[in-house]
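User: Hi! Could you walk me through this one before I set anything up?
Analyst: Happy to, here it is.

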Amino acid sequence: QTWNQLPPHIKMGLIDMRHNLGSLSNFPKLIKAIQNKDLRGIQEESKTTYVDKSGKRVFDERRWKRRV
């Protein structure tokens, strides 16, 4: 029932995360935000990073903006 109450763009972002990560089980704060329908918390906890060519971990702002 919680899923049906989330906005479509949030659902798409969560589907994207699950597809790329295989599971959301390593994100307990995100799961709690989903259960509480806390949109701000979902946005905050869905931030992802990647390792760039120099080996530095950076925030993936482009992907995050598509999710929120």
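**Contacts, salt bridges and surface**

Analyst: In this protein, residues 24 or more positions apart account for 32% of the contacts with a separation of 6 or more, where a contact means heavy atoms within 4.5 Å. This is a predicted model, so local features need pLDDT of at least 70 and side-chain atom pairs count only at pLDDT 80 or more, while totals for chains, interfaces and linings use all residues. Residues are numbered from 1 along each chain as its sequence is written, and side-chain values use heavy atoms, with hydrogens and water left out.

User: Thanks! How many helices and strands are there in the protein?
Analyst: The protein has five helices and two strands. Both kinds are DSSP runs numbered from the N terminus: helices are H or I with at least four residues, strands are E with at least two. Starting at the N terminus, the order is α-α-α-α-β-β-α.

User: And what box do the C-alpha atoms fill?
Analyst: Roughly 45 × 20 × 20 Å, taken along the principal axes.

User: What share of the residues is buried?
Analyst: Buried residues are 31% of the 68 in the protein. Buried means under 20% relative accessible area, exposed means over 50%, and partly exposed is in between, using a 1.4 Å probe and protein chains only.

User: OK, salt bridges. What's the count?
Analyst: The count is four salt bridges, taking a salt bridge as a side-chain nitrogen of Lys or Arg within 4 Å of a carboxyl oxygen of Asp or Glu. One of them joins the side chains of Arg 63 and Asp 16, at 3.0 Å from N to O. Arg 63 lies in helix H5 (residues 61-67) and Asp 16 in helix H2 (residues 8-21), so this pair ties together parts that are 47 residues apart in sequence.

User: Is Arg 63 buried or exposed?
Analyst: Arg 63 counts as buried, at 19% relative accessibility. Asp 16 is buried too, with a relative accessible area of 19%.

User: Which residues are linked with Arg 63 in a network of salt bridges?
Analyst: Asp 16 and Asp 60 are linked with Arg 63 in that network. The Arg 63 to Asp 60 salt bridge is 3.7 Å, N to O.

User: Where is Asp 60 placed?
Analyst: Asp 60 is in the loop between strand S2 (57-59) and H5. Asp 60 is buried, with a relative accessible area of 12%.

User: How far apart are Arg 63 and Asp 38 in space?
Analyst: They are 20 Å apart, C-alpha to C-alpha, and 25 residues apart in sequence.

User: Let's switch to Lys 47. Which side chain does it meet in a salt bridge?
Analyst: Lys 47 meets Glu 44, at 3.1 Å from N to O. Lys 47 is partly exposed, with a relative accessible area of 34%, and Glu 44 is also partly exposed, at 44% relative accessibility.

User: Which rings does the charged end of Lys 47 sit over?
Analyst: The charged end of Lys 47 sits over the ring of Phe 59, 5.6 Å from its centre, and over the ring of Trp 64, 5.3 Å from its centre. That label applies if NZ of Lys or CZ of Arg is within 6 Å of the ring centre and within 35 degrees of the ring normal.

User: Nice. What about backbone angles, what is the phi of Lys 37?
Analyst: Lys 37 has a positive phi of about 55°, although it is not a glycine. Most residues other than glycine have a negative phi. Lys 37 is in the loop between helix H3 (28-35) and helix H4 (39-45), and is partly exposed, with a relative accessible area of 39%.

User: Last topic, the surface. What is its accessible area?
Analyst: About 5,100 Å², of which 50% belongs to carbon and sulfur atoms. Accessible areas come from the Shrake-Rupley method with a 1.4 Å probe, and for residues, only the protein chains shown count as cover.
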